[in-house]
Amino acid sequence: MQTLSVWPSKGGFDLVPPSPFNLVSSSFLSTRNRRRKRWGPVESGCQSRSTGLLLVSSSSRFSRGGVCYRSIKFSSKCGFLSGFSTLKLFLFCEPKKCSFGAFFMMAWSMEQQEIGNGLLIAEPNSVDELSGKAESDNVDYPRVHRVEDSDDNENQEENGGVEINSEAKVGEKESARVDVKALAQSLWFAKTADDVEEVLKDMGELPPQVHSTMIRGFGKEKKMECAMALVDWLKRKKKETGGLYGPNLFVYNSLLGAVKQCQKFREMDRIMNDMAEDGINPNVVTYNTLMAIYLEQGEATKALNVLEDIKNKGFTPSAVSYSQALLAYRRMEDGNGALKFFVELREKYLKGEIGKDDDEDWENEFIKLENFIIRICYQVMRRWLVREENLSTNVLKLLTEMDKARLQPGRAEYERLIWACTREEHYIVAKELYARIRERHADMSLSVCNHLIWLMGKAKKWWAALEIYEDLLDKGPKPNNMSYELIISHFNILLSAARKKGIWRWGVRLLNKMEEKGLKPGSREWNAVLVACSKASEYSAAVQIFSRMVEKGEKPTIISYGALLSALEKGKLYDEALRVWQHMLNVGVEPNLYAYTIMASVFTAQGKFNMVELIFREMASSGIEPTVVTYNAIISACGRNGMSSAAYEWFHRMKVQNITPNEITYEMLIEGLAKDGKPRLAYDLYLRAHNENLILSSKPYDAVVESSQVYGATIDLTVLGPRPPEKKKKVVIRKNLTDFCQLADVPRRSKPFNRKEIYTPETERNQ
């Protein structure tokens, strides 16, 4: 008598002989690996709630074959086959679900006799007769990585074949093994039922698992003709055997799955008609497959209609049904519809209206559905962001609705959505997503922050970009070189705007902001503020900014000196301009055309035409040719200081040098002559400009008319022509901060500008 071991079970105890084999985890039952696993004497696959005995021989040899049927509800039954030399115990358990903590009971021999390599099946249809609806099997198919359970879409273990037992005589059992791989390969080129008959005519009756698994395998390999030929052969066999042997519900469900995988959608109606003719009623798995087919065709509305059909026909939708419905909303890019569907589903679940079926672990399934709806909403929002039209408002509304539904995407989803924000109008979505990450998560990707800084700059929201950079300094992650370069570029944009508009005060504050955040302004930034001061004729501010620039260790460039010289020239600080000029030459900075032009204007205003000649000689020795701008500066300086005769001489010199005068040349010269009491000469120059097709403004016209009236000169107004229309006024240099705040989308500071913001001497800062 062999010794038996007692193993505790949920419903009672199991008797198992001592064995050198270890208990193998049930993870072998659900795997995506094609590797075959060796199973131990007892597989944990189904959970029994009834008492049962499992008698196993200590010398039995076990194979890797086995079947675990999920969603099968039946009570534990023990059947003893008396009259044989081998004691057989068949124990069928009632599984609540296919969990990792349950036992899978199989029948084994108690004697030393070897029983073959696989699970013994007493009758081909015994499993179907017992379960009534089990669809899963573990029959392998060549080149198929996994076999899907058509009832719950889970993976099953692969096997090389199925054992078929036949009773030759009383007390003796014969076992034959079907090599399903070889069998499927022999049907690889079958196109008709006759081709299948040629291969299977000598095989006898095969278990339905063999047929359904081969059909699923044919579907994965896009061999729809083979699958249809096999089903046609089964229908022929049904007629020949009077309905004893033929396609069942599981075969048809597998065939529908093959239709989806092969995308032979026209076959769907034919298969459904065949099922109706055979008197086979669809189950939930059938409808789930139909939903998947409609989704594959892009007909999401029909898929949702199938879900309603499931309810109308008295079936209880499974978790797969609901996930297919959510996927239908995803295909329609209806994030709000998907969210509403899930909220209603959750309310029903919490009320206990769904989730009562023991076949599924609804607690875990509902968690999966919750994660799935979050994923769907994320995908829909991403699709909205990459569209050509602006759907930023839709994204913000969906985010708000998700908050109401207590569904929060993770940091990864938020960051991927930020990456999808690439257009100017997306900045509002990006800001909202950034705020959510900062509020709900401790960390954030630096690359995402850099992308945000870039996007805010593109949308001209430079101040928002600066706030993000400040968060990097205060909250992390630590900014890198890319962050530094991006924020510096934004500062340069703001400083450039301040330079062009002459808003020198904001330029000063931007410099202060840069230094406050650890950003060192370069010569480009300093020069922008100096030019802004020059345009605004703020010579005092220009001097202080220049001094501060030198104090900070930044070497002034020719642009720095040119801006300072221009500010001093506009302030009529000619002696200070001369000292700056001498300093520039002493430190070795080579003057450019702009600097020479300013100094020519300075010397002209002082009446030092010998110095102007010196400037021209230095320009010639340096290879710099004077331009119309240079002559215009000299003529303007002459006109402003009552030296119209000198201005007229420089005008002729300009013509000698083959430099063509422009509108500014004539306007400044005419105004100077008119003010200096020379209306007739001014009148002649106005006619010359008119003959050269130059369009002058109304100012020289008024100056000629007014001068002729004052000095009694006779001019022909008809020859002079009509008064030119008023030109559009040039944008006035804005010296206040409000306009710049609107331009650069920056906050308006309420406190007035303090002159100490420009420059605080080192002695005062040390006090």
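Contact here means heavy atoms within 4.5 Å.

**Figure 1. Overall view of the predicted model.** Contacts between residues 24 or more positions apart make up 67% of the protein's contacts with a separation of 6 or more. The secondary structure consists of 33 helices and eight strands. Of the 767 residues, 51% count as buried. The protein exposes about 37,300 Å², and carbon and sulfur atoms supply 50% of this area.

**Figure 2. Close-up of the packing of helix α25 with helix α26.** Two packed helices are described by the angle between their axes and by the distance between the axes. Helix α25 spans residues 609-621 and helix α26 spans residues 628-640; the two pack at an angle of about 175°, and their axes are 13 Å apart. Because angles over 145 degrees count as roughly antiparallel, α25 is described as roughly antiparallel to α26.

**Figure 3. Side-by-side residues at the contact of α25 with α26.** From α25, the residues F609, V612 and F616 take part. They meet T630, Y631, I634 and C638 of α26. By class, the residues of this contact comprise six nonpolar and one polar, with no charged residue.

Figure 4. When neighbours within four places in sequence are left aside, H211 is in contact with L206, L230, W233, L234, Y245 and V251.

Note on methods
Residues numbered from 1 in each chain as written. Predicted model: local features only at pLDDT ≥ 70, side-chain atom pairs only at ≥ 80, totals over all residues. Heavy atoms only, no water. Axes fitted to C-alpha atoms, helices over the stretch in contact; angles between N-to-C directions. Helix = DSSP H or I, 4+ residues; strand = E, 2+ residues; numbered from the N terminus. Parallel < 35°, antiparallel > 145°, perpendicular 65-115°, else oblique. Nonpolar A, V, L, I, M, F, W, Y, C, P; charged D, E, K, R; others polar. Buried < 20%, exposed > 50% of the residue type's maximum accessible area, 1.4 Å probe, protein only. Areas by Shrake-Rupley, 256 points an atom, 1.4 Å probe, with all protein chains shown as cover.
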